[in-house]
There are 2 protein chains.
Amino acid sequence: MKQLQSEYQCAINLVVDVIGGKWKVFIMWNLNEGNKRFKELERSIPGITKKMLTQQLRELEHHGLVQRTVFEELPPRVEYETTELGKKLQPVLFEMCKWGDEYTEANKISMNQCWTQQDFMNSSP
Amino acid sequence: MKQLQSEYQCAINLVVDVIGGKWKVFIMWNLNEGNKRFKELERSIPGITKKMLTQQLRELEHHGLVQRTVFEELPPRVEYETTELGKKLQPVLFEMCKWGDEYTEANKISMNQCWTQQDFMNSSP
DNA sequence: AACCAAGGTTACCGAATCGTAACCTGTATG
DNA sequence: CATACAGGTTACGATTCGGTAACCTTGGTT
């Protein structure tokens with residue numbers, strides 16, 4: 001489990017520690033649309049494995065961005081949702097999207113799926 | 001040298017690739033104040049080594065965020081500045097700062113230096 | 001002759017990150 | 001009896017990332 005430092009010299013580095021890594025922004029993005037079950041997340045994030053999904057969700061939970069709720073049913077049901085603090089990340093993700101779009105335009109990199117600034121606005125409540 | 005992918009599924013991941021890692025946001029932050037020489041950057045980013053600074057600057061240059069200018073003098077003088085594209089990152093960094101500040105407030109993490117949202121606004125042109 | 005400066009490069013190493021595959025629980029279905 | 005389901009855990013490897021220390025050039029200073 002990745003631990004945050006007890007002191008940071010710059011808020012930006014804290015953010016990088018909290019949402020950095022290969023999968024976290026995908027997860028936050030998906031939860032942006034509403035509560036999701038483990039399997040739903042796994043299916044909507046192409047390429048992610050169970051292990052990485054669990055690990056990243058645990059870290060997000062531990063850092064207060066995501067809440068995990070277990071329903072005592074069979075087969076098991078576990079739902080994930082973003083916390084208030086997690087919701088406040090949206091402007092950050094939005095700005096990142098905007099810049100990414102400008103970057104791809106300037107550099108002819110292609111965006112082969114529909115996760116752009118526009119989608120962000122559509123998926124946000 | 002870290003290469004970007006030729007296709008991205010999400011603009012956010014592109015951003016993470018371009019400014020991720022341990023040092024890049026520090027560098028961008030410092031260059032936000034104006035042109036800097038290699039030694040100046042090295043001195044104002046505590047803990048960074050020559051190797052990491054060179055490496056990260058080269059990647060930033062390669063990805064179009066930073067411009068490197070060599071002056072043919074002795075001792076050598078090399079200046080770094082942010083490009084137009086790099087300048088457009090500022091709203092992203094700003095939002096990251098804002099969120100980081102909220103996070104630290106909610107979680108009693110301390111910010112032992114002066115790199116907060118307020119500073120950002122002061123250092124921006 | 002020795003040492004300092006700026007702006008690096010290189011070889012090497014340990015740590016962190018990411019991925020693969022197997023395994024687990026308990027119920028239901030073929 | 002075998003298989004599938006959801007939601008994981010575990011052991012093991014490979015790759016990437018970051019850090020240390022030595023070395024380089026050219027000129028000036030001690």
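Let me start with A:K39, which counts as partly exposed because its relative accessibility is 42% (buried is under 20% relative accessible area, exposed over 50%, partly exposed in between, with a 1.4 Å probe and protein chains only). A:K39 sits in helix α3 of chain A; helices here are DSSP runs of H or I with at least four residues, strands are runs of E with at least two, and both are numbered from the N terminus. In sequence, A:K39 and A:V78 are 39 residues apart, yet their C-alpha atoms are 9.1 Å apart in space.

A quick word on the ground rules. This is a predicted model, where local features need pLDDT of at least 70, side-chain atom pairs count only at pLDDT 80 or more, and totals for chains, interfaces and linings use all residues. Residues are numbered from 1 along each chain as its sequence is written, chains are lettered from A and ligands numbered from 1 in the order in which they are written, and side-chain values use heavy atoms, leaving out hydrogens and water.

Which residues are closest to DNA strand D? Out of 21 residues that surround it, the closest are A:R58, A:R68, A:Y80, B:K22 and B:K51, where near means that a heavy atom of the residue lies within 4 Å. Of the DNA strand D atoms within 4 Å of the protein, 69% belong to sugar or phosphate, and the rest to bases.

Some polar contacts, meaning pairs of N or O atoms within 3.5 Å (within protein, one must be able to donate a hydrogen and the other to accept it, and residues adjacent in sequence count only if both atoms are side-chain atoms). On DNA strand D, a phosphate oxygen lies 2.6 Å from a polar side-chain atom of A:R58, and a phosphate oxygen is 2.7 Å from a side-chain N or O atom of A:Y80. The elements giving two or more residues to this surface are α3 (38-44), α4 (50-62) and β4 (77-82) of chain A, together with α4 of chain B. Helix α4(A) has the largest share, with four residues.

Over to DNA strand C. Of the 21 residues around DNA strand C, the nearest are A:K22, A:K51, B:R58, B:R68 and B:Y80. A side-chain N or O atom of B:R68 is 2.4 Å from a phosphate oxygen of DNA strand C, while B:V78 uses a backbone N or O atom, 3.0 Å from a phosphate oxygen. Here α4(B) gives the most to the surface, with four residues.

Let's finish with the sheet in chain B. Three strands form an open antiparallel sheet in the order β2-β4-β3, and two strands pair if DSSP finds at least two bridges between them. The edges are β2 (36-37) and β3 (66-71), each with a single partner strand, so one side of each has no neighbour in the sheet. Strands β3(B) and β4(B) pair over six bridges, with B:R68 opposite B:Y80 and B:V70 partnered by B:V78. A hairpin of five residues joins β3(B) to β4(B).

Why is β4(B) largely enclosed by the rest of the structure? Five of its six residues are buried, so the rest of the structure largely encloses β4(B).
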